[in-house]
Amino acid sequence: MSLASTDLFSLGLDDHDRLNKELGGGIPPGSIILVEGDYGAGKSAMSQRFTYGLCQEGHDVTYLSTELTVGSFLDQMHSLSYDMVDHILDENVLFLHADIGDSNTFSGTDEPQERKELLRRLMEAEVMWDADVVVIDTFDAILRNDPKFEALVRNNDERQAALEIISYFRDIISEGKCIMITVDPSTLDEEAIGPFRAIADVFIELEMIEVGNDTRRQINVLRFAGMGEQVGDTIGFSVRSGTGIVIESRSVA
């Protein structure tokens, strides 16, 4: 049975784009949202669109970035016409920069005991989980740079590596909160990303398709539990400077 639209966390901006409508009126409370896409597919832009729209609708959001500082976050949001300055000043959004160090792969030269246990620190950062919605962009960078997760993966125990953080996520969403994580699937083994795909209530794939000389982007909705109105399986979109996310009416061949 579909949820009433009033039970959803609306993504807002109905007069700006059609994303909220295309996704059935919002995201269901108490859900884990997984957004997958290769480099350049629009994961960060989509995360930022979700964040701004949710704030505009009166929801509190924590945005954790592995790439952006608060200054570059505000600049990027402004370039997409998502002005976050007031929301940050009003404490509607908590922006956090995840310091994952210099290494961005499993082959880093640092010894594991000298590297930060990122997942443990993530779970212990209680203040970031107070918001209605927590956005982690990009989650795979945290997984790849956590020495404990890496050690388990090296021992072919990927499912056990994911179990602890998944259990924590379930505890958080049991309070009616939402967690949105973005992942570049090309950076993780199938066995490592599989458990997160399995537990995601909303599973969205962002895809880039070459059509002649044109590169088109589309949202593939692979799973959407607790949807409001009907959600389309495939939604064309673009990312435009000065406008942000734009839903395209054209079909992607």
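Predicted model: local features only at pLDDT ≥ 70, side-chain atom pairs only at ≥ 80, totals over all residues.

Trainee: How many helices and strands does the chain have?

Mentor: Nine helices and nine strands.

Trainee: And how much of the chain is buried?

Mentor: Buried residues make up 51% of the 253 residues. As for contacts with a separation of 6 or more, 72% come from residues 24 or more positions apart.

Trainee: On to the sheet. What is the strand order?

Mentor: The order is β3-β2-β4-β5-β1-β6-β7-β8-β9, nine strands in an open sheet with mixed pairing.

Trainee: Which strands stand at the edges?

Mentor: β3 (93-97) and β9 (244-248). Each has a single partner strand, so one side of each is left without a neighbour in the sheet.

Trainee: How far are neighbouring strands turned against each other?

Mentor: By 20° on average, direction ignored.

Trainee: What holds strands together in a sheet, anyway?

Mentor: Strands of a sheet pair through backbone hydrogen bonds, either parallel or antiparallel.

Trainee: Take β5. Is it buried or exposed?

Mentor: β5, residues 178-183, is mostly covered, with six of its six residues buried. Both faces are covered. On one side sit Cys178, Met180 and Thr182; on the other, Ile179, Ile181 and Val183.

Trainee: How many bridges does β5 make with β1?

Mentor: Five, and β1 (residues 32-37) pairs with β5 in the parallel sense. Leu34 stands opposite Ile181 there.

Trainee: And how many between β4 and β5?

Mentor: Four bridges, and those two strands also run parallel. β4 covers residues 133-137. Ile136 has Ile181 of β5 as its bridge partner. How many bridges join it to β6?

Mentor: Five, and β1 and β6 run parallel. β6 spans residues 202-211. Leu34 stands opposite Phe203 in β6.

Trainee: Which strands does α2 touch when it packs on the sheet?

Mentor: The list is β1, β2 (61-65), β3, β4, β5, β6, β7 (214-224), β8 (234-240) and β9. The direction of α2 makes about 160° with that of β2.

Trainee: What about α9 on the sheet?

Mentor: α9 packs there too, touching β1, β5, β6 and β7. Its direction makes about 135° with that of β1.

Trainee: Let's switch to helix pairs. How do α8 and α9 cross?

Mentor: Their axes come within 8 Å and cross at roughly 30°. α8 is residues 158-173 and α9 is residues 190-199. The cut-off for roughly parallel is under 35 degrees, and α8 and α9 are therefore roughly parallel to each other. The crossing is right-handed.

Trainee: Which residues make that contact?

Mentor: From α8, Glu158, Arg159, Ala162, Ile165, Ile166 and Arg170. From α9, Glu191, Ala192, Pro195, Phe196 and Ile199. By class, the contact has seven nonpolar, no polar and four charged residues.

Trainee: And α2 with α3?

Mentor: The axes of α2 and α3 (residues 70-79) come within 11 Å and cross at roughly 85°. The two helices are therefore roughly perpendicular to each other. Ser44, Gln48 and Tyr52 in α2 meet Phe73, Gln76 and Met77 in α3. That contact divides into three nonpolar, three polar and no charged residues.

Trainee: Tell me about Ser44. Is it buried or exposed?

Mentor: Ser44 has 18% relative accessibility, so it counts as buried. Ser44 is found in α2, residues 43-56.

Trainee: What is Ser44 in contact with?

Mentor: Tyr63, Gln76 and Asp137, leaving aside neighbours within four places in sequence.

Trainee: Asp137 again, then. Where is the cis peptide bond?

Mentor: The cis bond joins Asp137 and Thr138, with omega about 0°. Thr138 is in the loop between β4 and α6 (139-145).

Trainee: Where are they?

Mentor: Ser81 is in the loop between α3 and α4 (85-89). Glu91 is in the loop between α4 and β3.

Trainee: Buried or exposed, those two?

Mentor: Ser81 counts as partly exposed, at 35% relative accessibility. Glu91 is exposed, with a relative accessible area of 67%.

Note on methods: Residues numbered from 1 in each chain as written. Heavy atoms only, no water. Axes fitted to C-alpha atoms, helices over the stretch in contact; angles between N-to-C directions. Parallel < 35°, antiparallel > 145°, perpendicular 65-115°, else oblique. Left-handed = near helix turned anticlockwise from the far one by under 90°. Contact = heavy atoms within 4.5 Å. Nonpolar A, V, L, I, M, F, W, Y, C, P; charged D, E, K, R; others polar. Buried < 20%, exposed > 50% of the residue type's maximum accessible area, 1.4 Å probe, protein only. Pairing = 2+ DSSP bridges.
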